Amino acid sequence: MRSKRYYWLAGALLLIAVLAVGWLSINKMAKEEDAIHIRVKDIEGNTVNIDDEKPTVLFFMAAWCVSCAEIEQSLKEVAKDKNVQVVTVDVDPQIDKKEHLAAFQRTYGGSWPHVFDADLSLVKLFGVNSLDTVVVVKDGKVVHKSIRPDIQTIKEAIRHGR
(Lines give C-alpha, C1' and ligand atoms only; values in the text may rest on other atoms or scores of the structure.)
Protein backbone atom coordinates (compact mmCIF):
# COMPACT_ATOMS: atom_id res chain seq x y z
CA MET A 1 0.00 0.00 0.00
CA ARG A 2 2.80 2.40 0.88
CA SER A 3 4.57 1.82 -2.41
CA LYS A 4 1.51 2.95 -4.41
CA ARG A 5 1.35 6.20 -2.44
CA TYR A 6 5.05 6.67 -2.92
CA TYR A 7 4.71 6.34 -6.70
CA TRP A 8 1.74 8.70 -6.80
CA LEU A 9 3.62 11.27 -4.75
CA ALA A 10 6.76 10.90 -6.88
CA GLY A 11 4.67 11.23 -10.06
CA ALA A 12 2.91 14.34 -8.73
CA LEU A 13 6.23 15.94 -7.75
CA LEU A 14 7.69 15.12 -11.17
CA LEU A 15 4.67 16.69 -12.89
CA ILE A 16 5.00 19.84 -10.76
CA ALA A 17 8.72 20.06 -11.60
CA VAL A 18 8.08 19.66 -15.34
CA LEU A 19 5.35 22.32 -15.27
CA ALA A 20 7.58 24.70 -13.30
CA VAL A 21 10.48 24.28 -15.75
CA GLY A 22 8.13 24.83 -18.70
CA TRP A 23 6.66 27.96 -17.11
CA LEU A 24 10.11 29.37 -16.39
CA SER A 25 11.37 28.73 -19.93
CA ILE A 26 8.30 30.36 -21.48
CA ASN A 27 8.66 33.38 -19.21
CA LYS A 28 12.35 33.78 -20.07
CA MET A 29 11.50 34.62 -23.70
CA ALA A 30 11.82 38.27 -24.63
CA LYS A 31 8.45 39.92 -24.60
CA GLU A 32 7.40 43.27 -25.98
CA GLU A 33 7.42 44.87 -22.53
CA ASP A 34 10.88 43.55 -21.55
CA ALA A 35 13.86 45.87 -21.95
CA ILE A 36 16.53 43.99 -23.86
CA HIS A 37 20.23 44.41 -23.15
CA ILE A 38 22.30 41.65 -24.74
CA ARG A 39 25.97 41.33 -25.56
CA VAL A 40 27.07 38.64 -28.00
CA LYS A 41 30.23 37.96 -29.96
CA ASP A 42 30.18 37.91 -33.74
CA ILE A 43 32.21 35.44 -35.81
CA GLU A 44 35.11 37.91 -35.85
CA GLY A 45 35.19 38.02 -32.03
CA ASN A 46 33.76 41.55 -31.79
CA THR A 47 31.16 42.40 -29.14
CA VAL A 48 27.71 43.20 -30.49
CA ASN A 49 25.28 45.08 -28.25
CA ILE A 50 21.56 44.65 -28.72
CA ASP A 51 19.90 47.28 -26.58
CA ASP A 52 18.05 50.59 -26.71
CA GLU A 53 20.83 52.58 -28.41
CA LYS A 54 19.50 52.03 -31.95
CA PRO A 55 16.96 49.81 -33.64
CA THR A 56 18.30 46.32 -34.32
CA VAL A 57 17.12 43.91 -37.00
CA LEU A 58 17.94 40.31 -36.06
CA PHE A 59 17.76 37.81 -38.90
CA PHE A 60 17.67 34.12 -37.85
CA MET A 61 18.98 31.79 -40.57
CA ALA A 62 21.19 28.88 -41.53
CA ALA A 63 24.04 29.03 -44.02
CA TRP A 64 22.56 26.20 -46.13
CA CYS A 65 19.11 27.85 -46.39
CA VAL A 66 18.39 29.07 -49.94
CA SER A 67 15.55 31.43 -48.99
CA CYS A 68 17.72 32.87 -46.20
CA ALA A 69 20.17 34.11 -48.84
CA GLU A 70 17.39 36.20 -50.43
CA ILE A 71 16.51 37.90 -47.14
CA GLU A 72 20.18 38.43 -46.31
CA GLN A 73 20.64 40.25 -49.61
CA SER A 74 17.54 42.38 -49.09
CA LEU A 75 18.83 43.45 -45.65
CA LYS A 76 21.59 45.37 -47.44
CA GLU A 77 19.00 48.06 -48.07
CA VAL A 78 18.15 48.27 -44.36
CA ALA A 79 21.85 48.27 -43.40
CA LYS A 80 22.44 51.44 -45.46
CA ASP A 81 20.76 53.36 -42.64
CA LYS A 82 23.59 53.95 -40.16
CA ASN A 83 21.01 54.51 -37.39
CA VAL A 84 19.92 50.87 -37.70
CA GLN A 85 21.92 47.82 -36.68
CA VAL A 86 21.52 44.56 -38.61
CA VAL A 87 22.66 41.29 -37.03
CA THR A 88 22.49 37.93 -38.79
CA VAL A 89 22.16 34.96 -36.42
CA ASP A 90 23.00 31.42 -37.60
CA VAL A 91 20.80 28.99 -35.68
CA ASP A 92 21.95 25.59 -36.92
CA PRO A 93 24.89 24.47 -34.77
CA GLN A 94 24.47 20.84 -35.84
CA ILE A 95 25.29 21.43 -39.51
CA ASP A 96 26.80 24.90 -39.76
CA LYS A 97 30.20 25.90 -38.47
CA LYS A 98 31.63 29.41 -38.16
CA GLU A 99 33.38 28.91 -41.50
CA HIS A 100 30.01 28.24 -43.19
CA LEU A 101 28.57 31.45 -41.76
CA ALA A 102 31.66 33.42 -42.84
CA ALA A 103 31.30 32.05 -46.39
CA PHE A 104 27.59 32.91 -46.37
CA GLN A 105 28.44 36.46 -45.27
CA ARG A 106 31.04 36.86 -48.03
CA THR A 107 28.64 35.55 -50.67
CA TYR A 108 25.31 37.15 -49.68
CA GLY A 109 25.68 39.49 -46.74
CA GLY A 110 26.98 42.85 -45.87
CA SER A 111 29.51 44.12 -43.39
CA TRP A 112 27.15 43.90 -40.42
CA PRO A 113 27.77 41.45 -37.55
CA HIS A 114 27.11 37.76 -38.12
CA VAL A 115 26.62 35.75 -34.92
CA PHE A 116 26.84 31.99 -34.53
CA ASP A 117 24.20 31.03 -31.92
CA ALA A 118 25.77 27.67 -30.99
CA ASP A 119 23.87 27.31 -27.71
CA LEU A 120 20.62 28.68 -29.24
CA SER A 121 20.32 31.25 -26.45
CA LEU A 122 19.08 33.94 -28.84
CA VAL A 123 16.62 31.50 -30.42
CA LYS A 124 15.20 30.75 -26.98
CA LEU A 125 15.21 34.36 -25.83
CA PHE A 126 13.26 35.59 -28.86
CA GLY A 127 11.06 32.49 -29.22
CA VAL A 128 12.25 31.78 -32.76
CA ASN A 129 10.91 28.53 -34.21
CA SER A 130 11.66 28.92 -37.91
CA LEU A 131 14.44 29.91 -40.25
CA ASP A 132 13.88 33.22 -42.09
CA THR A 133 12.60 34.84 -38.89
CA VAL A 134 13.22 38.55 -38.51
CA VAL A 135 12.97 40.24 -35.11
CA VAL A 136 13.10 44.02 -34.75
CA VAL A 137 14.21 45.44 -31.41
CA LYS A 138 13.61 49.16 -30.90
CA ASP A 139 14.14 51.15 -27.70
CA GLY A 140 15.20 47.90 -26.03
CA LYS A 141 11.91 46.14 -26.79
CA VAL A 142 10.74 43.60 -29.36
CA VAL A 143 8.46 45.55 -31.71
CA HIS A 144 8.16 43.05 -34.55
CA LYS A 145 8.68 39.34 -35.24
CA SER A 146 7.72 37.51 -38.43
CA ILE A 147 8.84 34.86 -40.88
CA ARG A 148 10.06 36.01 -44.31
CA PRO A 149 8.85 39.60 -44.08
CA ASP A 150 9.30 41.83 -47.09
CA ILE A 151 11.66 44.79 -46.89
CA GLN A 152 8.80 47.29 -46.50
CA THR A 153 7.47 45.44 -43.44
CA ILE A 154 10.92 45.56 -41.85
CA LYS A 155 11.28 49.29 -42.59
CA GLU A 156 7.82 49.98 -41.14
CA ALA A 157 8.72 48.10 -37.97
CA ILE A 158 11.90 50.15 -37.62
CA ARG A 159 10.13 53.44 -38.30
CA HIS A 160 6.92 52.93 -36.35
CA GLY A 161 7.82 50.19 -33.90
CA ARG A 162 5.18 47.65 -34.93
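## About the model

This is a predicted model, in which local features need pLDDT of at least 70 and side-chain atom pairs count only at pLDDT 80 or more, while totals for chains, interfaces and linings use all residues. Residues are numbered from 1 along each chain as its sequence is written, and side-chain values use heavy atoms, with hydrogens and water left out.

## The five-stranded sheet

Let us start with the open sheet. Five strands build it in the order β5-β4-β3-β6-β7, with mixed pairing. At its edges stand β5 (114-116) and β7 (141-147); each has a single partner strand, so one side of each is left without a neighbour in the sheet. On average, neighbouring strands here are turned by 20° against each other, direction ignored. Axes are lines fitted to C-alpha atoms, for helices over the stretch in contact, and angles run from 0 to 180 degrees between N-to-C directions.

Within the sheet, β3 (residues 56-61) and β4 (residues 85-90) run parallel and are joined by six bridges. To find one of them, look for F59, whose bridge partner in β4 is T88.

## Helices on the sheet

Helix α2 (residues 66-79) packs on the sheet, where it touches β3, β4, β5 and β6 (133-138), and its direction makes about 170° with that of β3. Contact here means heavy atoms within 4.5 Å. Helix α3 (residues 98-108) lies across β3, β4 and β5, and runs at about 160° to β5.

Which residues of α3 are buried? They are L101, A102, F104 and Q105. These residues cover an arc of only 160° around the axis, which puts them on the same side of α3; the arc is that of the directions from the helix axis to the C-beta atoms. They pack against β3, α2, β4 and β5. On the other side of the helix, E99, R106 and T107 are exposed. Buried means under 20% relative accessible area, exposed over 50%, and partly exposed in between (1.4 Å probe, protein chains only).

## The disulfide

Now for the disulfide promised at the start. In general, a disulfide is a covalent bond between the sulfur atoms of two cysteines. In this model a pair of cysteine sulfur atoms within 2.5 Å counts as one, and C65 is joined to C68 with an S to S distance of 2.5 Å. The torsion about the S-S bond of C65 and C68 is about 80°, so the disulfide is right-handed.

Are these two cysteines buried or exposed? C65 counts as buried at 8% relative accessibility, and C68 counts as buried at 0%.

## Salt bridges

A salt bridge is a side-chain nitrogen of Lys or Arg within 4 Å of a carboxyl oxygen of Asp or Glu, and by this rule the count comes to four. One of them brings together the side chains of R148 and E70 (3.3 Å, N to O). This pair links distant parts of the chain, 78 residues apart: R148 is in the loop between β7 and α5 (151-160), and E70 is in helix α2. R148 is partly exposed, with a relative accessible area of 40%, and E70 is partly exposed too, at 46%.

R148 also meets D132 in a salt bridge (3.3 Å, N to O). D132 sits in the loop between α4 (121-126) and β6, so this pair ties together parts that are 16 residues apart in sequence. At 5% relative accessibility, D132 counts as buried. Through shared partners, salt bridges join E70, D132 and R148 into one network. Another salt bridge is formed by E77 and K155 (2.3 Å, N to O); E77 lies in helix α2 and K155 in helix α5, so the pair ties together parts that are 78 residues apart in sequence.

## The hairpin

Strands β1 (residues 38-41) and β2 pair in the antiparallel sense over four bridges. They form a hairpin with five residues between them, and G45 in the turn has a positive phi of about 90°. V40 has V48 of β2 as its bridge partner. Strand β2 (residues 47-50) has a covered face, V48 and I50, and an uncovered one, T47 and N49.

Technical notes
Pairing = 2+ DSSP bridges. Helix = DSSP H or I, 4+ residues; strand = E, 2+ residues; numbered from the N terminus.
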